[in-house]
Amino acid sequence: MANSFRPYCLDQAYLLPQSPREWLPEGHLALFLEEMVSLLDLRAIFERYGGGRGPQAYHPQMLLTVLVYGYCTGVCSSRKIARGCETDLGFRVLSGGQFPDFRTLADFRKEHLEAFQGLFLEVLRMCREAGLVRMGHLSLDGSKYQANASKHKAMSYGRIQEVEPQLEAEVKELLRRAAEVDEAEDVEHGPEQRGDELPEDLRRREGRLEKIREAKRRLEERARSRGQGRAEARGAGPEEVAAAAARAVPQPKEQSNFTDPESRIMKTSHGWNQGYNAQVLVEEASGVIVAQEVTAHSADSPRLKPMLDRLEENLARLGVPEEERRPKWFTADAGYCSENNLRMLAERQIDAYVATGRERHHRGGIARGSRTRTPLRAAMREKLQTTEGRAVYARRKAITEPVHGQIKQARGFRQFLLRGLDNVAGEFTLVALTHNLLKLWRAGLAPTG
């Protein structure tokens, strides 16, 4: 019995022109994002383009749409996005059959990092208008993301103290030998011939010495800033603050990275990594990120107040009435528990549930056998022991932790591509706004003008 196959011919030409939109099924993510980006206010991006002569630039809306689609699907590398515009159907439809170079995509992303914050607020406004942002239960959590740097490309302050004098002596010796070689070559070739090029060893050691000195200056500046902050926190006067900053010195094991100096060595569940700490404030019902930031400090506790301030700022810019900006419940893990934070939450009249100890989730935010030494911690511990407290806090692990899991595991974003705190903050804003766009798409909400 003969088989009956469908016709197959790569050289079959279309008799009538076909719309590229028809290449993708109805409701495809690429088509949804194209509609969403067309609704965004892109004036902040267009304003950076000036007139004049020269070749025509790629349309910013196309570049942004392609970039957003890449981050939504876990393709963040500019080289992979450029390759996708040639080989991937979704990218090719969004690029309109154009093939932007990877450098064009990378430069576009880096030049418009500040504009991403405004786009994040616009997407958040769309989520709110679609009913996905309700100030019910908000939860805060941080997670460590790998920096675009290796932890092995760093040096501790103690090691710098040892290596710097040694390198200085080596550089001086190489300079002396270079001077001797110059004199000998002048005698041999004459004074008009060049002989002043530095030896390769000298160039390498001088560069290494300069990097070490820069790292030393950064560590000392961090120590001074840390000493000044501690003095100001305890209410010291200006003279005492200045004296505390002058006395502060780095710890011997405190490190500075040569590749990305603003990143920090941070402890994670998989060991020590060179990275940044990304904070997200998430709404329970929809999983939408309502506020986010990236910091170079591994501790979560100091970020509670800035994140609540950022939430207040975002909601104010969205036009949310002041009486509707306060969440019904607020939860956070033990990393945010401090007497100052609990006092601040009480002053803002926020019904908060913050774990008082590090423990397994099923213990309700209370470590067994732990003792609370401060009154607000003791009150929070009693609050978490109530039936309502256990029920509210039990929801925390299902709100913020899945968001970091979706970003890292489902979309594969575990490492920043850019370097420097301002750059990675802008990149994470792009990650957060694409997360919210995916929430809109999965909710089946069509964009409206």
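**Salt bridges, rings and strands**

Mentor: Lys383 makes a salt bridge with Asp351, with the closest N and O atoms 2.6 Å apart. Salt bridge here means a side-chain nitrogen of Lys or Arg within 4 Å of a carboxyl oxygen of Asp or Glu. Before you ask, this is a predicted model, where local features need pLDDT of at least 70 and side-chain atom pairs count only at pLDDT 80 or more, while totals for chains, interfaces and linings use all residues. Residues are numbered from 1 along each chain as its sequence is written, and side-chain values use heavy atoms, with hydrogens and water left out.

Trainee: How many residues apart in sequence are the parts that Lys383 and Asp351 tie together?

Mentor: Helices (H or I, at least four residues) and strands (E, at least two) are DSSP runs, numbered from the N terminus. Lys383 belongs to helix 13 (residues 375-385), and Asp351 to the loop between helix 12 (339-347) and strand 8 (352-354). The pair therefore ties together parts whose separation in sequence is 32 residues.

Trainee: Is Lys383 buried or exposed, or something in between?

Mentor: Buried means under 20% relative accessible area, exposed over 50%, and partly exposed in between (1.4 Å probe, protein chains only). Asp351 comes out at 25%, which is partly exposed. Lys383 has 27% relative accessibility, so the label is partly exposed.

Trainee: Over the ring of which residue does the charged end of Lys383 sit?

Mentor: The rule wants NZ of Lys or CZ of Arg within 6 Å of the ring centre and within 35 degrees of the ring normal. For Lys383 the distance to the ring centre is 4.3 Å, and the ring is that of Tyr353.

Trainee: On to the rings: what kind of aromatic pair do Tyr145 and Phe428 form?

Mentor: Rings of Phe, Tyr and Trp (its six-membered ring) pair if their centres lie within 6.5 Å; planes under 30 degrees apart count as stacked, over 60 as edge-to-face and the rest as tilted. There are eight aromatic pairs by this rule. Tyr71 and Phe413 form a tilted one, 6.2 Å centre to centre with 45° between the planes. Tyr145 and Phe428 are 5.5 Å centre to centre with 65° between the planes, making the pair edge-to-face.

Trainee: How many residues apart are Tyr145 and Phe428?

Mentor: Both are buried. Tyr145 is in strand 1 (residues 137-146) and Phe428 in helix 16, so to speak distant parts of the chain, and the separation is 283 residues.
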